[in-house]
Amino acid sequence: MKDKIFAPNPQFFRKKTVLLNGEWDFGYKKRTKKVDFCGDYSLAEKVRKAEKYPYKINVPFCPESELSGINYKGFISEVWYRKNVEITKGNGRVFLNIGAADYKTFVLVNGKGCCIHKGGYTPIRCDITDAVRDGNNEIFILCQDDVKSPLICRGKQSEWIKSHGCDYTRTTGIWQDVYLEYTPVSYIESFKIYTDYKNKTVTVFTKLNGSGKLSAKAFYGEKEIAFSELKTAENTAIIQLKLSEIHLWEIGNGRLYDLELKFGTDKVYSYFGLRDIGFDGMKFLLNSKSVFQRLVLDQGFYKKGIYTPENDEERLRDIKLSQSLGFNGARLHQKVFDPRFLYFCDREGYMVWGEYPNWGLDYSNPKAVDIFLAEWAEALKRDFNHPSIIGWCPFNETWDYHKRQQYSPLLSTVYDFTKAYDPTRVCIDTSGNFHVKTDIFDLHDYRFDPEEFKASYDRFVTHNELYQHVLLDNPDRQVYNGEPVFISEYGGIKWESDSEHKSWGYGVDVKTPEEYLERYEGLTLAILGNVKLFGFCYTQLYDIEQEQNGVFTYERKPKFSDDIYAKIKAANETAAEIEK
């Protein structure tokens, strides 16, 4: 359906959707002490009545961003929003959706509590039917946040007052689309799409509210190529489509099918891509063909919007910049990217790893299991149907937390949960270290001498010995058990583009663009030339504030000449030994 291009979530879209982005009344409180997250609706009601709204904010941009109109960079403990909205209730149900808001969110409509949500990166879906009335309605949203809390996932948001190292400007409150959704009394709650191109089938597992007839149609372009219906469906139902045409999702070409689900009078529009993924020994397979993962690290930061791109042009630009240098995908790093970004990944045939921003969470604390699982489950549910996501990576670099080792059952439990929810994809328990239970043994290796780098991985071929510097001091904490191997971070070569910041990168600094290229080529070709490595992920696509090791600037402008970029592309596209 062509309208999906305008949807907040193109994979789950109803025509009766009203965007509430734009100007909202706004106020905020600076952080002066530890934030109390034990509040209920009475806290939200107190703030709603007692606090003033001295500002106007441009939703969905966070108050720390330039695009919000606030641009306050200090610590914030509370933010509150108010907007009056005209609603025609009708005979069905009304939902308020917030794509993401950091961290604990309260929603009141006309003073009535409607939902409370914890987690800064996953969607909030709030049934406000019983609180709304025909005509004018007041929507009030309160968010609390504290990046210093050890039981909150903050990702790359700086816990210091200023950005430092590889932590950057914070995001507080709403940072994804806010919209109303109208449904009949009986409606489709959610669905999971399983594709099988070899048998020409698409199977949809639906969760329904109510009972009625369920039907599904698939289109390729304007042509209807499959239809199926169930005369009676309720609660949960499985419907299967037999496709008359097969068009595979491949690198550089998403070839998406449109999907239309109808339940009673409710109609939801979606899409899917036909592909399968797997491994043959050490080789990664896409549609039964060996494909080398030529990935780049993408952290999803934007100079004016922080966590939120200004428009679709910014979303698509990062994918196109990556592809222009011969990368065929990305690690979406320490952030759950918005659904519209993932739509463009799907459309462009761009492979990505789904990750969660675990940094900030005390993963040595057993209490982290419940906290993390609840948030991770929401991310899996939202993003399961994206064909561009070829693997899950819930954690990144679980170094000792204040000299305390990780609580390993946290990692193994999350791995088991992930595989139970999604048996179709591989899962890396924690990227880099310390692996506990994983499908992939990935490594972060920022050594800068190409000869030393190559020699160590040559020994993996000749002696089955894997270099991992953390093993030198921790031989009992991470053991290689023969899994496929992926160099999921390397490079990070600094070339300064913004002298406003005290910049940094990995390894000894290079002195000329030519020296940058020589190191880039040496490290990259060492991986591509190794018959036992199935992929790489270069750090990183663009600079972010003080971390200036991107191949483009923070504004996504060139840092090098066309000739240098042509040679980087040539290195990335060199035939990999494992593909031969």
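Tutor: We will go through the cavities, then one threonine. This is a predicted model, where local features need pLDDT of at least 70, side-chain atom pairs count only at pLDDT 80 or more, and totals for chains, interfaces and linings use all residues. Residues are numbered from 1 along each chain as its sequence is written, and side-chain values use heavy atoms, with hydrogens and water left out.

Student: What is a cavity, and how many of 30 Å³ or more are there?
Tutor: On a 1 Å grid over the protein atoms alone, a cavity is a set of points where a 1.4 Å probe fits but cannot get out; lining residues have an atom within 4 Å of a point. Points are joined across faces, edges and corners, and a volume is the space filled by probe spheres set on them. Here the count is 3.

Student: Which residues lie nearest the centre of the largest cavity?
Tutor: Val 336, Phe 337, Gly 354, Glu 355 and Asp 383, out of 13 lining residues. Its volume is about 80 Å³. Helix H4 gives the most to this lining, with 4 residues; helices are DSSP runs (H or I, at least four residues) and strands likewise (E, at least two), numbered from the N terminus.

Student: Is Thr 183 buried or exposed?
Tutor: Buried means under 20% relative accessible area, exposed over 50%, partly exposed in between (1.4 Å probe, protein chains only). Thr 183 has 5% relative accessibility, so it counts as buried. Thr 183 sits in strand E12 (residues 178-183).

Definitions and conventions: On a 1 Å grid over the protein atoms alone, a cavity is a set of points where a 1.4 Å probe fits but cannot get out, and a pocket is an open set with protein on both sides within 12 Å along at least five of seven lines; lining residues have an atom within 4 Å of a point.
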